[in-house]
Amino acid sequence: MTAFVRNQWYVAAYGREVGRELLGRTVLGEPILLYRTEDGRTVAMSDRCVHRRFPLSQAPSRLTGDHVMCGYHGFTYGTDGVCVFVPGQQRIPRTARLKTYPVIEQDSFVWVWIGDHEPGDVVPPRAPWMDSPDYTVVSGMEPIDGDYGLLVDNLLDLSHETYLHGGYIGTPEVAQTPITTEVDDAAGIVHVSRHMDDAECPPFYAKSTGIETRITRWQDIEYHAPCLYLLHSRIAPVGAPGPGPDGSDPHAFHVEVVYGITPSTERTTYDFWAVARDFALGDEKVSEFLHTSNHTVVMQDVVALNALQKSLDTEKPGYQELSINIDTGGLAARRILARLAQAGADQPATVAR
Amino acid sequence: MTAFVRNQWYVAAYGREVGRELLGRTVLGEPILLYRTEDGRTVAMSDRCVHRRFPLSQAPSRLTGDHVMCGYHGFTYGTDGVCVFVPGQQRIPRTARLKTYPVIEQDSFVWVWIGDHEPGDVVPPRAPWMDSPDYTVVSGMEPIDGDYGLLVDNLLDLSHETYLHGGYIGTPEVAQTPITTEVDDAAGIVHVSRHMDDAECPPFYAKSTGIETRITRWQDIEYHAPCLYLLHSRIAPVGAPGPGPDGSDPHAFHVEVVYGITPSTERTTYDFWAVARDFALGDEKVSEFLHTSNHTVVMQDVVALNALQKSLDTEKPGYQELSINIDTGGLAARRILARLAQAGADQPATVAR
Amino acid sequence: MTAFVRNQWYVAAYGREVGRELLGRTVLGEPILLYRTEDGRTVAMSDRCVHRRFPLSQAPSRLTGDHVMCGYHGFTYGTDGVCVFVPGQQRIPRTARLKTYPVIEQDSFVWVWIGDHEPGDVVPPRAPWMDSPDYTVVSGMEPIDGDYGLLVDNLLDLSHETYLHGGYIGTPEVAQTPITTEVDDAAGIVHVSRHMDDAECPPFYAKSTGIETRITRWQDIEYHAPCLYLLHSRIAPVGAPGPGPDGSDPHAFHVEVVYGITPSTERTTYDFWAVARDFALGDEKVSEFLHTSNHTVVMQDVVALNALQKSLDTEKPGYQELSINIDTGGLAARRILARLAQAGADQPATVAR
Ligand code: FES
Ligand code: FES
Ligand code: FES
């Protein structure tokens, strides 16, 4: 099992999922309650009532104004987690308060800080395309019955597109083209690039862009350990001019594929996935096609990773993997995660908010 | 997990459930076979064949007269558990006998003694309303996927009626009115009383009694650890005369709510529930209404306790609860159960019958 | 749990199950991939890709010619288990090879050798009726959620036919007639015989043979530990002549009941079952009747053994069984299995193929 990295920001939900219904999510094994106040602020607190540990996200628990009322015996909490009502008596015990979690809503995601100390000036990494007028986005979330490390492995090596996702996003060139990997250990970022100069155009891009010829296809991965994965995808007909010196690139189509990789329990993971495009903006048909296609691709991963986890569960201790060049990025990610997990564990615990 | 209390009587079934079909129940982790002899006597014995441990309650095991024949290879047992037939040979091994359990059928329940010694003159506590011409009873049983201690907690603190059972039996006054608790440690009985002088009449009582005004509502709990829970409920229109000095109380409606709380395995429980009333005797419509309503209330508890148990299963060791005044009865019950469990474990094991 | 016996042949499949679709089976806890080459040879190799342990029997893994291509990242293996392709590079790591298993296809079964050394000249035991023009066979396979030892117990003592399979193959005489048991410890074979001179004809035989009178019924069990169970069943009308001095037996009907008992995991088992007859050859109606009847009988065993395993799972350590004469064969089988398991474990591990 891949160790959890504490003292980090994680995607707990899309902003659109958090509203006036109580939402329960488990992040790094911590049960978290999410809801939106009447004036639109997102709050995150422990999803376990201090009284008898009833889950606050479980009906008939409910909101009364901005307060959360436990559905078992009515303990009621404010947005700061402090208990404001208990049944049968006036005095409220001083210790009756829920742990709250720092929250930042950014780029359409609700990020929560899982840590032993406050985030200070540490902020989540950015995925600005998620919430930009220049892009149209389709997105979703699928739970995986597997260690989050399996999803990191999966996404850091796109040669699997050729096999697991053939007919959708994979073509032979993806597996054939060598990659270059760069690791920024200090920042905890792994870059994996694969530039195909003359490749088949897979249906995912052919149908959405209308390109009918072969393409140049660039895949530039930028993984911000532990939680955010960005794939900058550039597609252009073979022979089209490249990006200009100023960075402008009017002859190409750009897709930003974004994944929030959020460990839930030791063997379950939230797979937040999104596809942002800079073409066919607002075209519902293209959006529907890309949503359906990418959901299919995500489900192929989910089915494969669930099966892989089940297999690994029956392996004898000390089983072997065999890594090759394509795994360079994934192995770098594992090293960074191991280091961050160690660093997180080393943090002297300070008073939790 | 709440420790099991041995050397006690437990409700294993309603009398009506025990007949000429073999019935298997697991009480305190012991698999027990129940059936009724041709002359109407209830017998309880181990539900595991001595030969290869096949469950005797599992088809094609069956009764032949008053004998139980194992469905696997035909070992056959008398009502005293002694084996009377084995296949392929005349000689029956001397040790071929099943453990039998002392049984008492009382107040519509089948009580079995789970212990290391005989009950002697210890008898089960009484719930005479269950089987009295002066009461009409509706009842049922629901299994809970949870520690029996969760159900004890639940029933000893009725302030949860206001939240978990709002719209059925809960009104604001239940949670608001302070309780008085009395503990008879020697007898292992906890009393919790809540007398509401002027309360809303919840649908459960309004529809069954016909009262349309506000009510005085008395809840007098009498918990006989470990297995029997009685709630003496008195409802009368506000202003109606109270009970007379002789104990008669003709101006009120009385409901006796009875629970048999039977630990099955370490995290499953049988929840035997009954509602006995001294009004609208024999009125089928009222019976149907009370059966449906109380079954709904029980299922609200079952759903909540199953969810609570699942939550507790993922808690880190040493998690905290926070108790307040309403928990006084429940905490007293826990103390008595812990003491009885200790006492039961201390009993020198004598030859089991 | 019954110990696994290594360095033995096991039935992994029927030959008809192995074709150009990838088939995964788990034998003695080892995940095995089975398929047939274009020229009809059966191959068996590890069902876990050396790269990231993806199951090769899981779609979209597939055959390309006689090569197996992993559905995750495309590692491709020859029939000798040697990797012949990896994505993104020319060089194939020397250690990229799957363990292969010796395979023998014999008597309609696919036998695999599970061992730490090569089989040498050890061959699987024979069941020639499975694949002979003189017999017509019906067969199938059912998985059991139980220790394979439970199935060995079950089949070595047929007195259970009277109880568990009454109305199909059981009659009172089976349980009443004493058995004779012979054990060939060196060869690892247990013989259990029960000859009934004047017995009721159960529907299984009455409807298939047309006999309407009482019968002589011989049951001669020959169990080749660990995997092959043969029941030589002879049925003839009472009074018909016995076998001649030359072994010919024209006045009787012969059924060869064959079981492959293959441990899958510690508590799951493959139950390969077959019924071969030397009468009504090719009669579809009789085949259909015997298939349906024997499948029903097998399912009675499956239901009983699954229930038994569940019961045993909740037994306290040190629970007792009580054995009688009918268990002589089963106990001998257990002793042989324990000795073989010990011997298998004692084998010095040599280089596995
Ligand atoms: S568990 Fe929440 S109020 Fe009791
Ligand atoms: S297990 Fe009951 S007779 Fe064999
Ligand atoms: S797991 Fe099979 S190729 Fe990667």
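Trainee: How far apart do the C-alpha centres of domain 1 and domain 2 of chain A lie?

Mentor: They lie 33 Å apart. This is a predicted model, where local features need pLDDT of at least 70 and side-chain atom pairs count only at pLDDT 80 or more, while totals for chains, interfaces and linings use all residues. Residues are numbered from 1 along each chain as its sequence is written, chains are lettered from A and ligands numbered from 1 in the order in which they are written, and side-chain values use heavy atoms, with hydrogens and water left out.

Trainee: Where are the bounds of the two domains of chain A?

Mentor: Domain 1 of chain A is 8-114 and domain 2 is 131-342; such bounds come from an automatic or database domain assignment.

Trainee: What area is buried between them?

Mentor: About 1300 Å², with carbon and sulfur atoms giving 64%. Buried area is the accessible area (1.4 Å probe) that the two parts lose on being put together, summed over both. On the side of domain 1 of chain A, A:Tyr10, A:Val11 and A:Tyr14 supply 34% of the area it buries against domain 2, more than any other three residues.

Trainee: Which element gives the largest share of the domain 1 side in chain A?

Mentor: β1(A), with seven residues.

Trainee: Switching to chain B: what is the strand order in the open sheet?

Mentor: The seven strands run β11-β17-β16-β15-β14-β13-β12 in chain B, with antiparallel pairing. Strands are DSSP runs of E, at least two residues, and helices are runs of H or I, at least four, numbered from the N terminus; two strands pair if DSSP finds at least two bridges between them.

Trainee: Which strands are at the edges?

Mentor: β11 (136-144) and β12 (180-184) of chain B, each pairing on one side only.

Trainee: How many bridges join β14 and β15 of chain B?

Mentor: 10 bridges, between residues 215-224 and 228-237 of chain B. B:Ile215 in that pairing stands opposite B:Pro237.

Trainee: Which strands does helix α5 of chain B lie across?

Mentor: Helix α5 (residues 284-313) lies across β11, β16 and β17 of chain B, at about 20° to β11(B). Axes are lines fitted to C-alpha atoms, for helices over the stretch in contact (heavy atoms within 4.5 Å), and angles run from 0 to 180 degrees between N-to-C directions.
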